[in-house]
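Subject: Structure handover

Hi,

Here is the structure for you to look at. Please keep it open while you read the notes below.

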Amino acid sequence: MRHPPRTSALLTTAALATASCALAVMGTAAGAAASPSCTVTYSVVGQWAGGFQGSVTVTNNSSALNGWSLGFGFPAGQTVSQGWGAKWSQTGSAVTAVNESWNAALGTGASVTTGFIASWSGANTAPSTFTLGGATCTTDSGPGPTPTPTPTPTPTVPTPTPTDPASGAPELSVTGNRLTDRNGATRRLLGVNRSGAEFMCVQGHGIFDGPVDDASVRAIADWKANTVRIPLNEECWLGLDNIKPEYRGANYADAVKGLVDRVLAHGMTPVVELHWTYGQYTGNSSGCADVHASCQKPMPDAQYTPAFWTSVANTFKNDRRVVFDLFNEPYPDRATSTTAQAWTCWRDGGTCPGIGYEVAGMQDLVDAVRATGARNLVLVPGIAYSNDLSQWLSHSPTDPTGNLAAAWHVYNFNSCASEACWDSTLAPVAARVPLVAGEIGENTCAHAFVDRVMKWFDDRSLSYLGWTWNTWNCNSGPALITSYDGTPTAFGTGLRDHLRALN
């Protein structure tokens with residue numbers, strides 16, 4: 001869903017190694033004798049069995065640079081598999097990160113942050129030597145680095161057992177066309193979206209829009225919701241340097257993990273979903289001209305999105321109560337000239353007609369998730385802003401775990417917004433795989449349309465989530481509440497009363 005105009009995690013961070021070093025200027029004038037100084041901060045943002053996410057920040061403390069090449073060596077056999085914010089390569093233990101075209105300029109006092117995902121075994125010792133432009137970076141001659149204090153563990157909130165079909169968030173699996181828990185009982189995802197983390201960080205306002213404390217999450221549960229969908233921003237999660245430091249990387253991921261924990265503590269299923277992504281698109285139905293993740297793009301990008309899902313999947317793969325929703329609302333059909341091209345782009349990615357960046361297809365994203373060993377339920381949306389599932393079955397990605405469900409969105413202004421369309425295009429999908437309406441809503445500040453949607457889905461024991469648990473003016477976009485204590489709008493009253501009646 002597009003948002004009203006606004007004016008306004010990984011595991012605990014591991015040890016940091018900071019080095020002050022001299023950088024060689026790339027493309028400096030002939031005869032230049034001295035290299036400018038810089039500060040390099042290397043950090044392990046998150047670590048899991050066999051892998052980790054790293055970050056390198058370079059601050060230029062001298063004259064401006066136009067182009068840079070960072071090098072370092074891994075001392076313990078670590079191997080980079082994906083990277084962002086630079087062009088990454090590795091030969092043996094030697095790793096090189098060369099600037100992208102958009103971050104080549106590094107002014108005096110300016111910093112650039114790059115990141116990567118790498119494998120490790122035995123030990124994950126930090127690099128001790130860095131070079132830039134071929135010049136060796138040396139550490140300060142003062143005292144050695146101070147060990148990073150062990151972070152205070154976040155208190156664990158007790159959660160209901162996922163094996164009990166009568167209470168708590170279940171570990172979900174696909175059985176035929178049903179979602180089932182570990183005891184084989186059929187489950188439905190019924191609840192709300194909690195928008196904010198997809199746009200606040202990239203706009204520089206914060207991480208969430210409004211409170212996400214225990215009281216506000218309890219208010220969702222009081223509606224008898226059993227699911228909360230949490231939209232995310234890939235640049236904020238990966239820590240790209242166009243995002244303010246306080247809203248990116250480990251800070252962002254930890255905030256998301258905190259919300260996921262609170263959702264689980266109240267017995268609800270968290271759905272973590274990728275909403276806004278990198279890649280410049282200015283074609284038909286463009287949401288913005290910005291290359292950064294500041295609006296809905298027609299498809300995920302190959303540069304960052306697989307790395308995002310690798311990191312997110314590694315973060316949550318040990319808790320199968322967490323559901324993954326691959327991409328909010330694909331619309332390659334607006335960019336390409338034929339429906340066949342759109343569905344091929346949707347599944348396979350690559351170079352897609354009408355889209356100027358390399359696309360990551362749904363198969364690429366399923367592969368990224370499953371390569372981590374994650375067996376969590378994955379939701380795969382259709383095209384036309386997730387409103388068209390007409391060729392979902394014939395183009396669905398292959399999943400070695402068999403744990404995929406179809407995701408669909410509907411508003412009263414969409415093309416497929418009638419029972420006749422649902423009967424002809426949704427029913428065949430729902431007969432084969434679980435179907436989840438990840439967003440339902442209307443722009444009338446009423447609920448007559450969503451009442452029809454919920455009835456159609458109830459009659460078939462399907463899942464749906466209302467957009468959105470935010471206190472926006474419902475004239476500018478569907479908003480369920482007027483207060484985070486759960487006071488509903490006229491639109492929200494329909495969903496609240498319906499969920500309570502089901503329970």
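Which residues of helix H8 are buried? They are Cys-421, Trp-422, Leu-426, Val-429 and Ala-430. Buried means under 20% relative accessible area, exposed means over 50%, and partly exposed is in between (1.4 Å probe, protein chains only). Seen down the axis of H8, these buried residues fall within an arc of 105°, so they line one face of the helix. The arc is taken from the directions between the helix axis and the C-beta atoms.

Before the rest, some ground rules. This is a predicted model: local features need pLDDT of at least 70, and side-chain atom pairs count only at pLDDT 80 or more, while totals for chains, interfaces and linings use all residues. Residues are numbered from 1 along each chain as its sequence is written, and side-chain values use heavy atoms, with hydrogens and water left out. Helices (H or I, at least four residues) and strands (E, at least two) are DSSP runs, numbered from the N terminus.

**More on H8**

H8 covers residues 419-430. A straight helix of 12 residues would span 16 Å at 1.5 Å a residue, but H8 spans only 14 Å between its end C-alpha atoms. The expected span is 1.5 Å times one less than the number of residues. The buried residues of H8 pack against helix H7 (392-395), strand E21 (404-411), strand E22 (435-441) and helix H9 (448-459). Contact here means heavy atoms within 4.5 Å. H8 lies across E21 and E22, and runs at about 160° to E21. Axes are lines fitted to C-alpha atoms, for helices over the stretch in contact, and angles run from 0 to 180 degrees between N-to-C directions.

**The barrel**

Now find the strands. A barrel is closed by 8 strands, in the order E16-E17-E18-E19-E20-E21-E22-E23, with parallel pairing. On average, neighbouring strands of this sheet are turned by 30° against each other, direction ignored. Two strands pair if DSSP finds at least two bridges between them. E22 and E23 (residues 463-466) run parallel and are joined by 3 bridges. Ala-437 has Tyr-464 in E23 as its bridge partner.

**Helix H10**

H10 (residues 490-502) has 13 residues. From first C-alpha to last, H10 reaches 19 Å, close to the 18 Å expected. Its buried residues are Phe-491, Gly-492, Gly-494, Leu-495, Arg-496 and Leu-499. Their cover includes strand E16 (190-193), E22, H9 and E23.

**Loops to check**

- Glu-329 sits in the loop between strand E19 (323-325) and helix H5 (339-348). Glu-329 counts as buried because its relative accessibility is 6%. Its side chain joins that of His-409 through a polar contact of 2.8 Å. A polar contact is a pair of N or O atoms within 3.5 Å; within protein, one must be able to donate a hydrogen and the other to accept it, and residues adjacent in sequence count only if both atoms are side-chain atoms.
- Asp-388 is in the loop between strand E20 (378-381) and H7. Its relative accessibility is 21%, so Asp-388 counts as partly exposed. The side chains of Asp-388 and Ser-390 make a polar contact (2.7 Å).
- Cys-445 lies in the loop between E22 and H9. Its phi is near 60°, a positive value in a residue other than glycine.
- Thr-468 is in the loop between E23 and H10. A cis peptide bond joins Trp-467 and Thr-468, with omega about 0°.

Best wishes
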